[in-house]
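Trainee: Please take a close look at one part of this model, the packing of its helices and the core between them.

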Amino acid sequence: GYVVVEATTMIATHLMETVKSNAADLLGRQDVQEMLETLKKTHPVLVDDVIPAKVSLGTLHRVLQRLLRERVPIRDLVTILEAVGDSAELVKDPEQLTEHVRRALGNVIARLFLDDSGGMRAIALGPRLEASLMGVFGPRNPQSAASTLTSDALAGLLRELQKLAATTGDAGPVPLVVPPGLRVGVRRLLEPVMPALPVVSLAELPPFVNLTTVALWEMKELKLAAA
């Protein structure tokens, strides 16, 4: 009943996985410059309009690293540059620029998780947890007292999410789908403990995606403490 795999295939698979896991660190600024020089042969106006007119090479480098760190392919450099150029007048922070680029790459991101029928299995946020996380990561109302999750409650929620990811990911990675305002905050929260769990914003999913919730990440009890 065991599947027999050739040694060379096993080594290549593990090597490719290692490269993917460390792609963000392997991508240097010189590599980005060479990518732009290649793109400039076919899209000279686009490259000159964005780099360095609107953003620096270093900023683009950090955007690409953020994409690779979450295993988002950067082959479509045209779309990435167009999104950076369109957003750069209002946004300069690489983290926020990356969010704009991710939305432009919605088709690419969605296809990472689509099955043969065009469906996408996902872990969803429960309404109570969503409201609590919005109080932590979302825009706050200065008129009201902010609330945060207790450390014990948060640790329990992370353990629960680890269980959900383990039980639903047998057929491939199942992303956690969150509202746009929570994606960055939730990603920061999960990166130290679950760096491989994809966190996808609802705003990144194209209309053709048939989203199916296979698990719900929710607070069983409301445990809030005044900040």
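What follows is one connected answer on that part.

Mentor: This is a predicted model, in which local features need pLDDT of at least 70, side-chain atom pairs count only at pLDDT 80 or more, and totals for chains, interfaces and linings use all residues. Residues are numbered from 1 along each chain as its sequence is written, and side-chain values use heavy atoms, with hydrogens and water left out.

Start with the core. A nonpolar core here is a set of buried Ala, Val, Leu, Ile, Met, Phe, Trp, Tyr and Cys residues joined through side-chain atoms within 4.5 Å. Buried means under 20% relative accessible area, exposed over 50%, and partly exposed in between, with a 1.4 Å probe and protein chains only. The largest such core has 39 residues, and those touching the most other members are L36, L60, L64, L67, I80, L81 and V101. At least two residues of this core come from each of α2 (23–26), α3 (29–40), α4 (44–50), α5 (57–69), α6 (77–87), α7 (94–104), α8 (106–111) and β1 (119–125). These elements are DSSP runs numbered from the N terminus: helices are H or I with at least four residues, strands are E with at least two. A second, separate core of 22 residues includes L125, V174, L182 and M194.

For contacts the cut-off is heavy atoms within 4.5 Å. Not counting residues up to four places away in sequence, L64 touches L27, V32, M35, I74, L77 and I80. Q65, found in helix α5, touches A24 and L27 under that exclusion of residues up to four places away. Q65 has 16% relative accessibility and therefore counts as buried.

Now the helix pairs. Axes are lines fitted to C-alpha atoms, for helices over the stretch in contact, and angles run from 0 to 180 degrees between N-to-C directions. Angles under 35 degrees count as roughly parallel, over 145 as roughly antiparallel, 65 to 115 as roughly perpendicular, and the rest as oblique. The axes of α5 and α7 come within 9 Å and cross at roughly 60°, which makes α5 oblique to α7. On the α5 side the contact uses T59, R62, V63, R66 and L67, and on the α7 side P94, E95, L97, T98, V101 and R102. By class, this contact of α5 with α7 has five nonpolar, two polar and four charged residues. In that count Ala, Val, Leu, Ile, Met, Phe, Trp, Tyr, Cys and Pro are nonpolar, Asp, Glu, Lys and Arg are charged, and the others, Gly among them, are polar.

α6 also packs on α7, at an angle of about 130° with the axes 9 Å apart, so α6 and α7 are oblique to each other. The crossing of α6 and α7 is right-handed. T79, I80, A83, V84 and S87 of α6 meet L97, H100, V101 and A104 of α7. This contact of α6 with α7 divides into six nonpolar, three polar and no charged residues. T79 of helix α6 has 19% relative accessibility and so counts as buried. Leaving aside neighbours within four places in sequence, T79 is in contact with A104 and L105.

Two loops complete the picture. P52 lies in the loop between α4 and α5, and the peptide bond from I51 to P52 is cis, with omega near 0°. R71 sits in the loop between α5 and α6. Phi of R71 is near 60°, a positive value in a residue other than glycine. With 37% relative accessibility, R71 counts as partly exposed.

Definitions and conventions. Left-handed = near helix turned anticlockwise from the far one by under 90°.
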